Amino acid sequence: MSEQERIQALLQAGRITQQEADLLLSALDEGDAAARQADQTINETVGQPQYAPSASSSQTGWQPQGLRWARVKLTAGQLEVKLDPSLQMPVADGQAEVRQVGSDLEITPKMVNSSFLGGLLGGLGSLELRLPAGWGLDLSSRAAQVEVEGVAFLKGRVAAGNVELKAVEGLDLEVTAGNIEGSLLLREGQHHLRVSMGNAELDLLPGSSVQLSPGVSLGNLETRGFSRSYAADGSEVRQVGEGKATLEVSVRMGNLEARAR
């Protein structure tokens, strides 16, 4: 069932009013419109992307073995996710539908009453999620503000909105229209960030071991604190630590700033 169908079902069941349904549908449309406008603007200015955008939040790149996943589908509002090593299973603080799928969990904020809708449509907090060690976050978001702290891996797509990271240990994320900033602690594996329209500001924390491959189609690129060398093909290599991990960052329209702490 699509998000639009869910809203119509809630309306027909009398669980939300027509005004609330209209506001929710408008929030969906605004997120989709922002993503379409970003794609159109960029294609007209810098051409088609050099990477193939993912069709879903489940990326096909490298991921740590043995992780379980909290799969969050968020229409609008705010999402705050933090690592909590004291837990055995994820805990959602807020009204959400939680469903187990194999060894993973699917988590969807509920649209069931006016207090939730008021918070959602007023831009207030909608969901807080605490994850135990050994869990990653798989995110699909239309229009939201997202904060992620300490998790082992973040993957997925944000159509419109801003993302804030703190000591995140793995990344495979696409942001269509919005900004992403914060810190990463990368030690192994292959990591990716793709921003269509917006700015990326990233700090590689002490203990990171990574080779950075940055690219900006239209905007400014600044890197600080990395050692520099040249590969056999003449391309410049920016590295921190032993360079055991790789991080590819692509910004099509916007600025990229990366710092090694």
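**View 1. Strand E8 is largely enclosed by the rest of the structure.** In this predicted model, 7 of the 7 residues of E8 (residues 171-177) are buried. E8 pairs in the parallel sense with strand E7 (residues 154-168), over 6 bridges. Val158 has Val175 of E8 as its bridge partner. E8 also pairs with strand E10 (residues 190-197), again in the parallel sense, over 5 bridges.

**View 2. Glu149 and Lys166 form a salt bridge.** The closest N and O atoms are 3.9 Å apart. The pair links distant parts of the chain: Glu149 sits in strand E6 (residues 135-149) and Lys166 in strand E7, 17 residues apart. Glu149 is partly exposed, at 29% relative accessibility. Lys166 is partly exposed too, at 48%.

**View 3. Arg261 forms a salt bridge with Asp203.** Their closest N and O atoms lie 3.4 Å apart. Arg261 is in the segment after strand E17 (256-260) and Asp203 in strand E11 (residues 200-204), so the contact ties together parts 58 residues apart in sequence. Arg261 is exposed, with a relative accessible area of 54%. Asp203 has 14% relative accessibility, and so counts as buried.

**View 4. Seven residues are linked in a network of salt bridges.** The members are Glu201, Asp203, Glu222, Arg224, Glu257, Arg259 and Arg261. One of the pairs is Arg224 with Glu222, the closest N and O atoms being 3.4 Å apart. Arg224 is partly exposed, at 42% relative accessible area. Glu222 is partly exposed, at 39%. The structure holds 17 salt bridges.

Notes: Residues numbered from 1 in each chain as written. Predicted model: local features only at pLDDT ≥ 70, side-chain atom pairs only at ≥ 80, totals over all residues. Heavy atoms only, no water. Buried < 20%, exposed > 50% of the residue type's maximum accessible area, 1.4 Å probe, protein only. Helix = DSSP H or I, 4+ residues; strand = E, 2+ residues; numbered from the N terminus. Pairing = 2+ DSSP bridges. Salt bridge = Lys/Arg side-chain N within 4 Å of Asp/Glu carboxyl O.
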